[in-house]
2 protein chains.
Amino acid sequence: MTAPIDFWFDYSSPYSYLLSERIDELAAQHGRTVRWRPILLGIVFRETGSAPLTQQFPAKAAYSRRDFARSARFLGLPYRHPDAFPVATQYAARVTLWLAANRPALTRPFGHACFRALFVDNRDISDLEVVTGLAGDLGVDRETVEAALRDPALKEELRTACSSALAAGVFGAPYVVIDGEPFFGADRLPQIERWLAEGSF
Amino acid sequence: MTAPIDFWFDYSSPYSYLLSERIDELAAQHGRTVRWRPILLGIVFRETGSAPLTQQFPAKAAYSRRDFARSARFLGLPYRHPDAFPVATQYAARVTLWLAANRPALTRPFGHACFRALFVDNRDISDLEVVTGLAGDLGVDRETVEAALRDPALKEELRTACSSALAAGVFGAPYVVIDGEPFFGADRLPQIERWLAEGSF
């Protein structure tokens, strides 16, 4: 029994969205499962002294905007750059952690719903109403979600997740780890595929 | 007659080396030529406030070292991380510009020789002796190269090349521009291939 592949991500990361649409199927083709591990890139960037791509040097920011959309087309995925970007994702991340512990079958559908709400439907997932609505679409009632979000233990769990990410070497997202081998960026999908097929290369 | 593809690079950039081994053949398959445009990333980074990957946050530096070698294996290319890294590349860049103007058929062989000297044979191409030796291997005598390197006009040409790169939006290397469409990084080779095949996507 092999360990799950770790998929570290922030819901506000365009390349995390792109990878999220491919990683589970790719893993399954090689008999592997994926552990979705939401983190907050703001906390990671504070440690590493980095910043979101669209807030870097103007030429790099402009290129990144263009590359997000082109990379989505390359992968055959819909993409619409959100009007609100980057957005705070702590509600979406915490609900994901809560689902993983309490309604594990809903973790992945909720994850896809959050990513697609932001990067396809231009919805502001920093808004609590939007997040509870997405959970509601999956049959989790608003009161349950709001009660979970008020629990200090859940906030602490997300903080711990960010610390674990930094300890694992994460400096950006998406960051995939397969049996100790790290892959940064959606553009490493071909290398991930080969690694899964060959065990190493 | 289509315009050449622009390939902006610094000889000290591992991903530029990787792309340099593939871009000409890929372009030729689609009836296109490539203009090799050496620049100095140090000048670009000064403008953009960036730094070489191996001088960034420790986790990112460590990942980059690992990814250079793995990406080379993925592409089937030899790679040995140089003991001296990054290195100053103004001699190699200036000789490349001089060859492009005076012995154009030698531009590409010299370019490959510089990249491979650094990233395969662990030679320090910041050393004038090494650079004149590589030109000598192609039949260009040392006195000719040294005279060219003393010419202020050649120094100015490299400065102008760096300014042109910044004006073209270059913020790192390799940076490939096809009919106005920019591609940053060796990992964009699959997108470059599709762009050449389809005209856009």
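Contact means heavy atoms within 4.5 Å. With that term in hand, the tour can start.

## The model

This is a predicted model, in which local features need pLDDT of at least 70, side-chain atom pairs count only at pLDDT 80 or more, and totals for chains, interfaces and linings use all residues. Residues are numbered from 1 along each chain as its sequence is written, chains are lettered from A and ligands numbered from 1 in the order in which they are written, and side-chain values use heavy atoms, with hydrogens and water left out.

## Two copies

Two copies of a chain are related by a rotation about an axis and a shift along it. Here, a rotation of 180 degrees with 0.0 Å of shift along its axis puts chain A on chain B, with an RMSD of 0.0 Å. That is the relation of a two-fold axis. Copies are superposed by least squares on the C-alpha atoms of residues with pLDDT of at least 70 in both.

Which residue of chain A comes closest to the rotation axis? It is Asp187(A), with its C-alpha at 3.2 Å. The copies meet through the same surface, because 100% of the interface residues of chain A are also interface residues in chain B.

## The sheet

Helices (H or I, at least four residues) and strands (E, at least two) are DSSP runs, numbered from the N terminus. In chain A, four strands form an open sheet with mixed pairing, in the order β2-β1-β3-β4. Its edge strands are β2 (34-38) and β4 (181-184) of chain A, and each pairs on one side only. Two strands pair if DSSP finds at least two bridges between them.

Strands β1 (residues 5-9) and β3 (residues 175-178) of chain A run antiparallel, joined by three bridges. Phe7(A) has Val176(A) as its bridge partner in β3(A). Helix α6 (residues 107-119) of chain A packs on the sheet and touches β1 and β2 of chain A.

## Helix α3 of chain A

Buried means under 20% relative accessible area, exposed over 50%, and partly exposed in between (1.4 Å probe, protein chains only). In helix α3 (residues 41-48) of chain A, the buried residues are Leu41(A), Val44(A), Phe45(A) and Thr48(A). Seen down the axis of α3(A), they fall within an arc of 95 degrees, so they line one face of the helix. The arc is that of the directions from the helix axis to the C-beta atoms.

On the other side of α3(A), Arg46(A) and Glu47(A) are exposed. The cover over the buried residues of α3(A) includes α9 (152-167) of chain A. After α3(A) comes Gly49(A), with a positive phi near 70 degrees.

How values were computed:
Axes fitted to C-alpha atoms, helices over the stretch in contact; angles between N-to-C directions.
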